[in-house]
Amino acid sequence: MIKALGSLAVAILLAATVSPGELGAFTLKPGTLACGFDDCVDIWKFTCGAGATKYVYVYACDAGGTLDDRMTLTAIRKSADANDGKGDIDNVSVVNSCAVVALTRPVPGPVNGLATVSSYLNAAPFEYNLYVYCYDKNLTELADPTVTNTTNQ
Amino acid sequence: MRKGLFVAVLLGLVAVAFAGRVEAQTIQNGLLNCGSDDCADIWKFKCTAANTKTVYAAVCPAAAGSQTYFNVTIAGKTPDSVLGKGDIDEATYENCTVYVSLTRPTPGPTTGYISVSHWSNNGAKGYTLYSYCYDKNSLITTNPVLTLPTNQ
């Protein structure tokens, strides 16, 4: 329940942020999954390079209006310290909606990570948009993150 | 006599090789505290052998009658050539996933992540994670080291 409310809140935040005419400090990457049944995965690496980074929000959103089963998003911190491998998962099953995962640094600093996207949708290909946002401790957006596709299935 | 000795030595070698094969894997039990792909366990793996070429991982239900579908995803961390490279599989109902793999372009130590989740609304589910490190000839090298930084 808490997670669902959290997803709703960030979805509203996303909708507000990407309203036409507004500029948001985020990076959007379109993706396509070539098969369903969670047998294909796209993996993205991302970097929030600002030293003030406290939070990273990753969204995977239905882009084709075809989602009729779940799309799953996982985000994982990549670091050289004890936070390496910290992450979370979310999924969404509503057309034109987003799965959302937030990563939090204990203390501000650059954040590197990986995001995986898969879908149980059986009507491949499935189109989605991946958004990555970097925030400081006051939830002020920081510079656009670098996002690169590393596995494209 | 000599033939008997030869057979004994041969059996010994086979036993040693078999023992090595059995031991050269890492098995970890895990517990996902919720279903519907809303909980994930994220494991870190490390194959330390310099001749590591491919890493394999699979997940099985901890017990029969799991009433769910397990999902396993592998993603590389180091070296840079495997960063973000990976694979996924979702098991059929109440069965093991197939092995997902991560292959280096050239042999060397390899690290990365293995994410495990399950899809059902039946709550907590136990599982067993199997992982292996192989060389270029598909021979098992050292046991992978597994740790669990995300335990949901």
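Which residue of β7(A) stands opposite Trp44(A)? In this predicted model, the residue facing Trp44(A) is Ala115(A).

The pairing of strand β2 (residues 42-48) with strand β7 (residues 111-119), both of chain A, is antiparallel and extends over seven bridges. These two strands belong to an open sheet of five strands in chain A, which follow the order β5-β4-β7-β2-β9 with antiparallel pairing. At its edges lie β5 (87-92) and β9 (146-152) of chain A, each of which pairs on one side only. From one strand to the next, the twist of this sheet averages 20 degrees.

Chain A also contains an open sheet of four strands, again with antiparallel pairing, in the order β1-β8-β3-β6.

Strand β1(A) runs antiparallel to β8(A), and eight bridges join the two. Within β8(A), Leu130(A) is the residue that stands opposite Lys29(A). On to the next pair: β8(A) and β3(A) are likewise antiparallel and joined by eight bridges, with Tyr128(A) in β8(A) as the bridge partner of Asp62(A). Strand β3 (residues 55-62) of chain A is in turn linked to β6(A) by seven bridges, and these strands run antiparallel. In β6(A), Val100(A) is found opposite Tyr59(A).

Is β8(A) largely enclosed or largely open? Strand β8(A) is largely enclosed by the rest of the structure, because eight of its ten residues are buried. Asn138(A) lies between β8 (126-135) and β9 of chain A. Asn138(A) counts as exposed because it has 7 other C-beta atoms within 10 Å, where the cut-off for an exposed residue is 12 or fewer. Along the chain, Asn138(A) and Tyr57(A) are 81 residues apart, and their C-alpha atoms are separated by 14 Å.

The contact between the chains comes next. Chain A contributes 26 residues to the contact and chain B contributes 23 residues. On the side of chain A that touches chain B, the elements giving two or more residues are β2, β4 (71-78), β5, β7 and β9 of chain A. By class, this side of chain A has eight nonpolar, nine polar and nine charged residues.

Finally, some words on confidence. For the complex, the predictor gives an ipTM of 0.85 and a pTM of 0.85. Chain B has a mean pLDDT of 87, with 84% of its residues reaching 70 or more. Residues 1-23 of chain B need some care: their pLDDT stays under 50, and the model has two contacts beyond four places in sequence for them. Where pLDDT is low, the predicted coordinates should not be read in detail.

How values were computed
Residues numbered from 1 in each chain as written. Chains lettered and ligands numbered in written order. Predicted model: local features only at pLDDT ≥ 70, side-chain atom pairs only at ≥ 80, totals over all residues. Pairing = 2+ DSSP bridges. Axes fitted to C-alpha atoms, helices over the stretch in contact; angles between N-to-C directions. Contact = placed C-beta atoms within 7 Å. Nonpolar A, V, L, I, M, F, W, Y, C, P; charged D, E, K, R; others polar. pLDDT = per-residue confidence, 0-100. Buried ≥ 20, exposed ≤ 12 C-beta atoms within 10 Å, placed from the backbone.
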